[in-house]
Amino acid sequence: MAGAPCWVTLLARELPASQAFYGDVLGWTYRPAGLGDDFCVALSDGQPVAGIGALASSLQVAVAWTPYFAVADVDAAAARIRERGATVAVGPLAFHSGRAALAADPDGAAFGIWEGAVRSDWTVGRGSAPAWLELRTRDIDDAARFYGEVLGWAPKSEEGYALTREEDHAVLSQDEQVVAKIRDGAVQASADPSLRPRWHVYYRVPEVSGSVAAALNSGGVLVSPHDASSALREAGLREATLRDPDGALFTVTAG
């Protein structure tokens with residue numbers, strides 16, 4: 001479905017180390033992605049959840065989780081991105097069974113667009129897919145306008161996707177299931193990556209404190225709540241934001 005979140009990927013510094021970290025923290029296993037030894041598909045209970053690849057050491061870019069959104073025509077979507085003052089950094093180019101491009105919105109938040117077949121068993125908010133995605137941006141209304149025009153999100157959608165403005169954020173939903181949120185407060189010039197504009201991924205886990213402990217034992221960092229000892233003592237902890245050893249941010253939430 002055009003405009004739908006259809007996949008998330010991570011390009012890590014070292015693939016085996018990243019596989020070990022997310023295996024410990026999220027319980028993932030892996031299978032080859034059919035794209036060579038430097039790429040794999042992460043599995044949760046045997047179901048595909050994300051893609052992880054090895055980032056070329058020559059590329060001096062921040063490691064981050066990146067969502068991809070389905071489009072009917074990747075060339076037309078790339079043109080819409082450029083027309084609105086944003087950047088298409090890579091592509092469009094042929095990739096496996098479709099065509100893709102990697103872009104950054106006007107505030108610098110990275111995202112991808114994908115033209116091709118999508119997994120019917122991967123739907124944000126359901127199954128093995130992330131619980132939801134969240135855009136941290138400078139201005140909610142500007143971001144909603146940009147993504148609405150690029151991806152076809154609208155207050156009312158005949159295809160089931162709706163982008164609505166709440167009191168302090170915007171919500172993208174499909175058949176009343178929240179798949180993405182847009183929040184303000186990001187700062188473009190911030191030295192702290194947790195404050196810069198970005199797409200953020202939330203993953204469900206059986207026990208948040210257990211995932212936090214595993215992350216800390218595997219070289220990760222607890223971003224929030226800030227007190228690690230308190231977080232680990234609190235069995236009822238519902239959510240925690242973590243940074244993996246390469247610097248990629250993500251949140252675990254009670255599932």
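## Arginine 99 and aspartate 75

Arginine 99 has a relative accessible area of 28% and is therefore partly exposed; this term covers values between buried (under 20% relative accessible area) and exposed (over 50%), computed with a 1.4 Å probe on protein chains only. Aspartate 75 is also partly exposed, at 40%. The structure is a predicted model, in which local features need pLDDT of at least 70 and side-chain atom pairs count only at pLDDT 80 or more, while totals for chains, interfaces and linings use all residues. Residues are numbered from 1 along each chain as its sequence is written, and side-chain values use heavy atoms, with hydrogens and water left out.

Arginine 99 and aspartate 75 form a salt bridge, with their closest N and O atoms 2.6 Å apart. A salt bridge requires a side-chain nitrogen of Lys or Arg within 4 Å of a carboxyl oxygen of Asp or Glu. Because arginine 99 belongs to strand β7 and aspartate 75 to helix α2, the pair ties together parts that are 24 residues apart in sequence. Helices (H or I, at least four residues) and strands (E, at least two) are DSSP runs, numbered from the N terminus.

## Helix α2

Helix α2 spans residues 74-83, and its buried residues are Val74, Ala77, Ala78 and Ile81. These residues lie on the same side of α2, because they cover an arc of only 100° around the axis; the arc is that of the directions from the helix axis to the C-beta atoms. The buried residues of α2 pack against β6 (87-95), β7 (98-104), β8 (110-116) and α3 (140-151), where contact means heavy atoms within 4.5 Å.

After α2 comes glycine 85, which has a positive phi, near 80°.

## Further salt bridges

The count of salt bridges comes to 10. One of them joins the side chains of arginine 84 and glutamate 149, at 2.7 Å from N to O. Arginine 84 lies in the loop between α2 and β6, and glutamate 149 in helix α3, so this pair ties together parts that are 65 residues apart in sequence. Arginine 84 is partly exposed at 30% relative accessibility, and glutamate 149 is partly exposed at 40%.

Within helix α3, arginine 145 and aspartate 142 are 3 residues apart, separated by about one helical turn. Their side chains meet in a salt bridge of 3.0 Å, N to O. An α-helix has 3.6 residues a turn, so residues three or four places apart point the same way. Arginine 145 is partly exposed, at 45% relative accessible area, as is aspartate 142, at 43%. Elsewhere, salt bridges with shared partners join Asp75, Arg99 and Glu115 into one network.
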